[in-house]
Amino acid sequence: MGGDVERSEGGAGERKVLQAHALQLKAISCCTVSCSQRDSRVHCGCQVSVQKCEASLVHPSACVHAQPEPFVCMQPHNLAGLFPSAPLDVLFRDPSDRRISSPQPQRVCRIPPPARGKGHSPSAPPAEGCYSLSPLGLGRGCLLSQAAATPHHSTSSPHVVLHRSALFCIKPHSTPRFPSSSMVHGQGGVKFQNWAKTYGSSPELYFQPTSVEEIREILDMARQRNKRVKVVGGGHSPSDIACTDDFMIQMGKMNKVLKVDKEKQQVTVEGGIFLSDLNVELSKHGLALANLGAVSEVAAAGVIGTGTHNTGIKHGILPTQVVGLSLLTASGDILECSESINADIFQAARLHLGCLGVVLTVTFQCVPQFHLHEVTFPSTLTEVLNHLDDHLKRSQYFRFLWFPHSENVTVIYQDPTNKPPSSSANWFWDYAVGYYLLEFLLWISTFVPSLVRWINRFFFWLLFSSRVENINVSYKIFNYECRFKQHVQDWAIPIEKTKEALLELKAALENNPKMVAHYPVEVRFARADEIWLSPCFQRDSCYMNIIMYRPYGKNVPRLNYWLTYEGIMKKYGGRPHWAKAHSCTRKDFEKMYPAFPKFCSVRDKLDPTGMFLNTYLEKVFY
Ligand SMILES: Cc1cc2nc3c(=O)[nH]c(=O)nc-3n(C[C@H](O)[C@H](O)[C@H](O)COP(=O)(O)OP(=O)(O)OC[C@H]3O[C@@H](n4cnc5c(N)ncnc54)[C@H](O)[C@@H]3O)c2cc1C
């Protein structure tokens, strides 16, 4: 399951949601439950399209009467019959109004509940928006009865002004019931949190589809109800890129290996497969991914969504391993994409930010399975920066960890080997000390920040001051312990700026004794590529990851450090990791990415209504 998902206490249990049948009828909507209301229906004098949603589905005997003449008949007692216990939302939209498909959040207006049984006259509610409505007799008031009972041209009924071709959508707040023909089930009351518990959201409905048809159904429903959709993989992104309060699709059940082409050494998988499962499957076929990030509890489509990277100057970021993918777009079409088919969309979708559609499948170029020999040894910042090229040449997957407030560096070489696995891992040092003691000491340091300098030096001396070697199958070496919850920033700068940028960060820390930085600053490298939104677009890059832990979930002040680092990264032409913290907006990205306009035009084409946007992405595109 992606991220952390909880059901809130007050959650109404599982919601079964059926695709809202988008019958746009010039019609009246009524129900046979209280057909007496038909007598009181009122000719509104305007064309009314009724988007019939769950209303008619909740009660099997509900019906829609197509009429030659347009009528609106939505009296609360009818609705009470349809929704015996649920308050309702009524979406009132004019389809000719472009705002219906606007990425802006819909305007919501709650009609104040009137005195029971007395009708109501709230002052001038907007004619469009989302109206809260309760069935009569249930104590929360009602609204449409008076409006419906009043001719449209009457000014005495301000509650519902029926525009020409207005669109109604009735949506229960809680526990709707749907007929058994429903294919897709959404849960309400689910709380989503990312791995670091730094961001979360409460999606109105949370889906775990098992087929493309179900996803299509969810998108249909989202379209009809003007909802946004976020697809989530492992929920590991440290930012809010995967958050939404509308519909969330967790892809954990779309996790199959679809095809292994041994000759081409390629594998096609469903987008929701975790790399941890894929690694194991590949090794059964004698294959492996050429590079991986620090964790594998992340989804295939998720890692390419944010441009996950590791290290190795001969290796690109993970999306460079993608040779094909398929995308279910907002319109419900499936697009196959590769270098030769839909080539433009492919270059955009290899690092898609989750905003182009639902990534259904991904095809990775693999390599023969291999073992890695990891050698970790101590060094100094001066030595490493002065001999950076040598280190890069000496080891295929070279990276180093710098311990801020000191000269200390740990160098990590990882290289293919034929030797059998051997490990020097030790639970006491790796976990009892490296995890639990560190967390405790960092928590103490929240009261005495100057301790951080001492902690950084002490742990270097304790854990990293001697040479350590490990050999294992590649993915077990690529993946490493990221300890406890944390805030991170990780920008890519041109590789030739590594030394200047790092020395400037070191100097800034020395010059500001009050600014503290947790260890490590992790420095990794990646080859240039041609992926439009890749931080390595057309340049070999150095990624510089800074971290501030959250010992026992406690936030440690980091603003100064964050801003100083960001300023240095921007000065050296940096581009932020898409999954991690940054304060950039569209203006910044336009400067950073030469192909940004191309990406925007693909996005506009594939998702003109902004169905796949959220708050994070609005900052990127608006
Ligand atoms: C402990 C830890 C270690 C990490 N190590 C590294 C590292 O070494 N290198 C690195 O670069 N990053 C690293 N990250 C960041 C991580 O790799 C990225 O955040 C990655 O995107 C997470 O994958 P996910 O499946 O959890 O994606 P999510 O966070 O679930 O989603 C990421 C994006 O992809 C979209 N998405 C997911 N699935 C789909 C789909 N099927 N269709 C359309 N859109 C989809 C989401 O909407 C979102 O926009 C780390 C994060 C953590 C918490």
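In which loop is proline 520 found?

Solution. Before we look, note that this is a predicted model: local features need pLDDT of at least 70, side-chain atom pairs count only at pLDDT 80 or more, and totals for chains, interfaces and linings use all residues. Residues are numbered from 1 along each chain as its sequence is written.

Step 1: we need the names of the elements. Helices (H or I, at least four residues) and strands (E, at least two) are DSSP runs, numbered from the N terminus. The chain has 18 helices and 32 strands.

Step 2: find the residue. Proline 520 sits in the loop between α14 (498-511) and β30.

Step 3: check the bond leading into it. The peptide bond from tyrosine 519 to proline 520 is cis, and its omega is near -5 degrees. That's worth a second look, since most peptide bonds are trans and most residues other than glycine have a negative phi.

**Exercise 1.** Find two residues other than glycine with a positive phi, and say how exposed each one is.

Solution. Step 1: get the cut-offs. A residue is buried if 20 or more other C-beta atoms lie within 10 Å of its own, exposed if 12 or fewer, and partly exposed in between, with C-beta atoms placed from the backbone.

Step 1: take lysine 197, whose phi is positive at about 55 degrees. You'll find lysine 197 in the loop between β13 and β14 (200-201). It has 12 other C-beta atoms within 10 Å, so lysine 197 is exposed.

Step 2: take glutamine 538, with phi near 60 degrees. Its place is the loop between β30 and β31 (541-549). With 13 other C-beta atoms within 10 Å, glutamine 538 is partly exposed.

**Exercise 2.** Is phenylalanine 192 buried or exposed?

Solution. Step 1: locate phenylalanine 192 in strand β13 (residues 190-193).

Step 1: count. There are 25 other C-beta atoms within 10 Å, so phenylalanine 192 is buried.

Step 2: look across to proline 203, which is 11 residues away from phenylalanine 192 in sequence and 7.4 Å away in space, C-alpha to C-alpha.

Step 3: zoom out. Of the 622 residues in the chain, 46% are buried.

**Exercise 3.** Trace the open sheet that holds β30.

Solution. Step 1: write down the order. The 8 strands run β28-β25-β27-β26-β30-β31-β29-β32, with antiparallel pairing (two strands pair if DSSP finds at least two bridges between them).

Step 1: go through some pairs.
- β26 (residues 399-402) and β30 (residues 521-526) share 3 bridges in the antiparallel sense; leucine 401 stands opposite glutamate 522 in β30.
- β29 (residues 486-494) is joined to β31 by 9 bridges, again antiparallel; histidine 487 has methionine 548 in β31 as its bridge partner.
- β29 and β32 pair antiparallel over 2 bridges; here tryptophan 491 has proline 576 in β32 as its partner.

**Exercise 4.** Where is the kink in helix α11, and what covers the buried residues of this helix?

Solution. Step 1: find the bend, meaning the angle between axes fitted to the seven residues ending at a residue and the seven starting there. Helix α11 (residues 427-445) has a kink of about 30 degrees centred on leucine 438.

Step 1: list the buried residues of α11, which are Leu438, Leu442 and Ser445.

Step 2: name the cover, which includes α12 (451-464) and β31.

Step 3: follow α12 to phenylalanine 464, which lies in that helix. Phenylalanine 464 counts as buried because it has 22 C-beta neighbours inside 10 Å. Leaving out residues up to four places away in sequence, phenylalanine 464 touches Pro378 and Thr410 (contact means C-beta atoms, placed from the backbone, within 7 Å).

**Exercise 5.** Why does the ligand shell lie between domain 1 and domain 3?

Solution. Step 1: check the domains, whose bounds come from an automatic or database domain assignment. Domain 1 (1-11 + 183-369 + 584-622) and domain 3 (371-582) both give residues to the shell around the ligand, so it lies between them.

Step 1: see which elements contribute. β16 (229-232), α7 (300-306) and β23 (358-365) each supply at least two residues of the shell, and α7 gives the most, with 5 residues.

Terms used. Contact = placed C-beta atoms within 7 Å.
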